[in-house]
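The points move from the overall fold to individual side-chain pairs.

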Amino acid sequence: ADNSEDITFYSSIISKNTTIPVILTEPNGEIISVNNVSFDPDTVHRLTDKLQEEFTKYPPIAFDYNSGNINFFYYKDSRVFTQLRELLNDHIQSFFTDVINSASVPVIITDSAREDVVAYGNIDSTNVNDSVYINQTLDEMAYENDPIKIDLADQGPRFIYYKDSFLLKQLRYYPYIMFAVIGVFLIIAYLLFSVARKSEQNQVWVGMAKETAHQLGTPLSSMYGWLELLKMRNGLDQNTLKEIEKDLGRLQTITERFSKIGSEANLLHENILEVIRESIHYAKARTSRKVKFEINHPKDRIIRAPLNRYLFEWVIENLCKNAADAIEGEGKVSVNIFEDEKDKHVIIDVNDTGKGLQKSQFKNIFKPGVTSKKRGWGLGLSLSKRIIENYHNGRIYVKASVPGKGTTFRIVLKKHKDLGEKLEENLVNKEQA
């Protein structure tokens, strides 16, 4: 009964199916019956060679026909199924191509065991056959991003390994670059604003100084005229007239100082020791006798530096006057002049025994309007800083200060050493002689 049912089933497949190619043969390959085949059954009578290879993709089904007569049932995929499979493979290949070519992302598609590379893109093609390189690259990709698992018909599971493209890595740092560019732009804008503000301040300073010099010029000329009239009168104290003349000369010097603000400084190689001595002598004569002045400098030396004499004297007088004002009662103002170890700079320290400064005041003390005096405009040190740094290319700063003990201001200038060396050489030669 079972045998009869099998025969009926296979006969039904041969006779009724309209798509699957089937062949029924004898054990020796003799064709008994066919259906849905592409060859002519009248001319082909045996399953051999290419035809046999074509129909043995799947193992044939053997069945016992009529008690011991074994026949074989051969079949292969239908044309529709083959076309569908080819279409599916095309879609799979197209999917792989789209994945590989998307956004220039480095991609490797492997089988489930990570042994075979199914497809790849945007990696070095010369190293695809290098298993060490592939495994290392797969590890790097898996570290950056979890691989994507896909299941494909008739191909089993596949894994897509990928990592960020070079463009994406650049875009990741783009915001930081933008912030940096914006920061640089803001810094440049701030610097330009500061330069513009300082330029405006300089114009105000220059305008004020020149206007002051102009206003002083007219009464000064008149005072010189009145002084000459007084000299022609008999019976007047000549010493008094000489002192008036000195003060007028001093006023003339101050006027020249103001007139030089904003002009190009004419620097001459002056003997800095002589300039400082004259400045201190003038300040000493107009300061309380309770304040002692002291100058310390190398003996038998002429130290020359590029100076504008009128402006530099103004700085020394300002520092000495501030030092004397800081001393409440008796005290001392010391001016120490020396050269640095490399013999390239001359250093002037103006030290007082006054009330001193807080450390927070060290930088602010040079700003216009900042003063520790009850009366004063706070312009002396600001002018001094401008004269030393802008006109003499030097430095002036608070070297040290202790509240209640005193303050030391330091000036650093480039020196002109040729004449000093010659004088020292002459002194040595005289001693040897």
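**Note on the predicted model**

1. The protein has 10 helices and 15 strands, where helices (H or I, at least four residues) and strands (E, at least two) are DSSP runs numbered from the N terminus. This is a predicted model, in which local features need pLDDT of at least 70 and side-chain atom pairs count only at pLDDT 80 or more, whereas totals for chains, interfaces and linings use all residues. Residues are numbered from 1 along each chain as its sequence is written, and side-chain values use heavy atoms, with hydrogens and water left out.

2. Of the 433 residues in the protein, 32% are buried. Here buried means under 20% relative accessible area, exposed means over 50%, and partly exposed lies in between (1.4 Å probe, protein chains only). Among contacts (heavy atoms within 4.5 Å) with a separation of 6 or more, 60% join residues 24 or more positions apart. The protein exposes about 27,800 Å², and carbon and sulfur atoms supply 53% of that area; accessible areas come from the Shrake-Rupley method with a 1.4 Å probe, and for residues only the protein chains shown count as cover.

3. Aromatic pairs are considered next. A pair of aromatic rings is described by the distance of the centres and the angle of the planes. Rings of Phe, Tyr and Trp (its six-membered ring) pair if their centres lie within 6.5 Å; planes under 30 degrees apart count as stacked, over 60 as edge-to-face and the rest as tilted. By this rule the count comes to three aromatic pairs. The pair of Y58 and Y75 is stacked, because the ring centres are 5.5 Å apart and the planes stand at 5°. Y58 lies in the loop between α2 (49–54) and β3 (61–65) and Y75 in strand β4 (residues 69–75), so the pair ties together parts that are 17 residues apart in sequence.

4. F73 counts as buried, at 3% relative accessibility. Y58, F73 and Y75 form one aromatic cluster.

5. Which residue has its charged end over the ring of F366? The charged end of K385 does, at 5.1 Å from the ring centre. The criterion is that NZ of Lys or CZ of Arg is within 6 Å of the ring centre and within 35 degrees of the ring normal.

6. Salt bridges number 13 in the structure, each being a side-chain nitrogen of Lys or Arg within 4 Å of a carboxyl oxygen of Asp or Glu. One of them joins E30 and R46, at 3.1 Å from N to O. E30 lies in the loop between β1 (22–25) and β2 (31–35) and R46 in the loop between β2 and α2, so the pair ties together parts that are 16 residues apart in sequence. E30 is partly exposed at 29% relative accessible area, and R46 is partly exposed at 35%.

7. E140 and K163 form a salt bridge whose closest N and O atoms are 3.8 Å apart. E140 lies in helix α4 (residues 131–144) and K163 in the loop between β8 (156–162) and α5, so parts 23 residues apart in sequence are tied together. E140 is partly exposed, with a relative accessible area of 36%.

8. A salt bridge also joins the side chains of E274 and R309 (3.8 Å, N to O). The pair links distant parts of the chain, with E274 in helix α7 (residues 272–285) and R309 in helix α8 (residues 309–326), 35 residues apart. E274 counts as partly exposed at 34% relative accessibility. E270, E274, E278, R309 and E313 are linked in a network of salt bridges.

9. L167, L171, Y174, M178, F179, I182, F185 and L186 make a nonpolar surface patch of about 870 Å². Patches are made of residues with over 30% relative accessible area and no salt bridge; like charges are joined within 9 Å, nonpolar side chains (Val, Leu, Ile, Met, Phe, Trp, Tyr) within 5 Å. I182 is found in helix α5 (residues 166–231) and is partly exposed, with a relative accessible area of 42%.

10. Most residues other than glycine have a negative phi. D49, in helix α2, has a positive phi near 50° and counts as exposed at 64% relative accessibility. N393, in the loop between α9 (380–391) and β14 (395–402), has a positive phi of about 55° and counts as exposed at 61%.
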